[in-house]
Amino acid sequence: MTAVEKEDLDYQYSPSRWSHRFEPEAAVQDHVTVTQCETDKARSQLQCELDVPYGDREGDRLDIYKPQDCRSDAPIFVYIHGGYWQFLSKDQSAFMATTLTAAGVVVVAVDYDIAPKGTLDVMVDQVRRAVSFLSEKFPSSRGLYICGHSAGGQLCAMVLSSDWSKVRDGRVPEIKGAFLVSGVYDVTPLVKTYVNEPLKMTEEDARRNSPCLFSDAVVKNHPNCKVLVVFAEHDPPAFHRQSKEYKEQLKGLGMEVSCVEIPDTDHFNVVHNLAEEQYQLTKMVIAEMTS
């Protein structure tokens, strides 16, 4: 690969450079500010359980935010943060909790060991175990829903493709719905980009963790899961393409799946606008979880 080709590939997978609202660094900083402030607000105002262990690794922790007068059958919204597997944490991941708990939804923010501490294999395993743990913790819930943004979208899609026989007691958790927001479903192009510097993925690692190569397992494990694939109008074209292709894969296998482009959003506010009650995606999520 020539230097020019690598520069172009880096550009295609640099979402901050496609924002219509800010310059690249400012777009990232705005996202951190919004998500941190809204998470801090949720922690100060809501019933919450912080740093709940879901396994034995140091990073196996999650936070739970509950509605007032929480019902035993409340739906569960499990959020997996983005940051291209090397940035952010659960401490910026409850930005939607105030809005969703007001609708009677329990919100869970999951942590995982980002790079360089964690490899992609480790992260996928952690998120799988977190979902399995939550399925057992909330057996009366009317539905477990997973949501991931960017790298978190890849992790959620890998959860749907899991070999559950290797997780905990081997039971397949019932996942009622998945909201995949500006995700990456073919990881292989990233091997030759700046994103891979702390990850140090090989081509084999990337293939093993590319959901587009394991879509058959989604149908096998979670045939009744409704999947919503979302991307921003101002996401990079590569994200548009990957989202549409993954949706078509699942549709071709008989899954109930839809794909939505959210207008006037970029890679960052497409998800952090979930803090707003009147936002298009917020309304869609609440309608799906409470209908």
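Me: How do you know that the length of helix H2 agrees with its number of residues in this predicted model?
Reply: Helix H2 covers residues 24-45, which is 22 residues, and at 1.5 Å a residue these should span 32 Å.

Me: Which residues of H2 are buried, and what makes them line one face of the helix?
Reply: The buried ones are Ala-27, His-31, Val-32, Thr-35, Thr-39 and Ala-42. Looking down the axis of H2, they fall within an arc of 130°, and therefore they line one face. Residues three or four places apart in an α-helix point the same way, because a turn takes 3.6 residues.

Me: What covers that buried side, and what does the face turned away carry?
Reply: The cover includes strands S2 (61-66) and S5 (144-149), along with helices H3 (97-101) and H10 (269-272). On the face turned away sit the exposed residues Glu-25, Ser-44 and Gln-45.

Me: Why is Pro-223 called partly exposed?
Reply: Its relative accessibility is 44%. Buried means under 20% and exposed means over 50%, so Pro-223 falls in between. You will find Pro-223 in the loop between helix H8 (215-221) and strand S7 (226-234). Beyond its neighbours within four places in sequence, Pro-223 is in contact with Val-218 and Met-255.

Me: What makes Leu-62, Trp-85 and Val-227 stand out in the largest nonpolar core?
Reply: Of the 59 residues in that core, these three touch the most other members. Helix H4 (residues 120-137) supplies the largest share, eight residues. Apart from this core lies another, of 29 residues, including Tyr-65 and Leu-281.

Technical notes: Residues are numbered from 1 along each chain as its sequence is written. This is a predicted model: local features need pLDDT of at least 70, side-chain atom pairs count only at pLDDT 80 or more; totals for chains, interfaces and linings use all residues. Side-chain values use heavy atoms; hydrogens and water are left out. Helices (H or I, at least four residues) and strands (E, at least two) are DSSP runs, numbered from the N terminus. The expected span of a helix is 1.5 Å times one less than its number of residues. Buried means under 20% relative accessible area, exposed over 50%, partly exposed in between (1.4 Å probe, protein chains only). The arc is that of the directions from the helix axis to the C-beta atoms. Contact means heavy atoms within 4.5 Å. A nonpolar core is a set of buried Ala, Val, Leu, Ile, Met, Phe, Trp, Tyr and Cys residues joined through side-chain atoms within 4.5 Å.
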